[in-house]
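Open the model in your viewer and keep the sequence beside it. This tour says what to select, stop by stop.

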Amino acid sequence: MFELKVLDSFDAAHRIEGYPGKCARLHGHTWSIEVFVVGEKLDELGMVIDFKTVRNSLREVLDEFDHQYLNELPMFRDKNPTAENIAMEIFDRMSQKIPIDRVSVWESPKSCVTYSRK
Ligand SMILES: [Zn+2]
């Protein structure tokens, strides 16, 4: 089994509505994203999938979030832009094109959420 991982990041602001603490106030993060693709079979080039394909797809999705106030984006109108919901949005968008396995969202160097459909 092979596991590929692609990393990227974006900067944005958010607030967690209803949170009983300072995260309810407007603040920002640099979110670091890891996207994993797993596979057993290699193509004729010896790859599970071209890193570039995964990287470009991730960048395309992250460009929607980058330097935005996430709470104002249509996808977060009805739910808080938590690391959990960000991970699910990235997973849903990317998996329309690429058979990704899971997405990890690091909200800080010490706090990470991983989403998959397993
Ligand atoms: Zn936050």
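Select G39. With 15 C-beta neighbours inside 10 Å, G39 counts as partly exposed. For that count, C-beta atoms are placed from the backbone; a residue is buried with 20 or more other C-beta atoms within 10 Å of its own, exposed with 12 or fewer, and partly exposed in between.

This is a predicted model: local features need pLDDT of at least 70, side-chain atom pairs count only at pLDDT 80 or more, and totals for chains, interfaces and linings use all residues. Numbering starts from 1 along each chain as its sequence is written.

Now select residues 27-39. This is strand β2, and G39 belongs to it. Strands (E, at least two residues) and helices (H or I, at least four) are DSSP runs, numbered from the N terminus.

M1 and G39 are 38 residues apart along the chain, yet their C-alpha atoms are separated by 5.8 Å. Contact means C-beta atoms, placed from the backbone, within 7 Å.

Move to helix α2, residues 83-95. Its 13 residues reach 18 Å from first C-alpha to last, close to the 18 Å expected at 1.5 Å a residue. That expected span is 1.5 Å times one less than the number of residues. Colour its buried residues: A83, I86, A87, E89, I90, F91 and M94. What covers them includes β2, α1 (51-65), β3 (102-108) and β4 (111-116).

Zoom out. The protein chain has two helices and four strands, in the order β-β-α-α-β-β. Buried residues make up 22% of its 118 residues.

Key. Contact = placed C-beta atoms within 7 Å.
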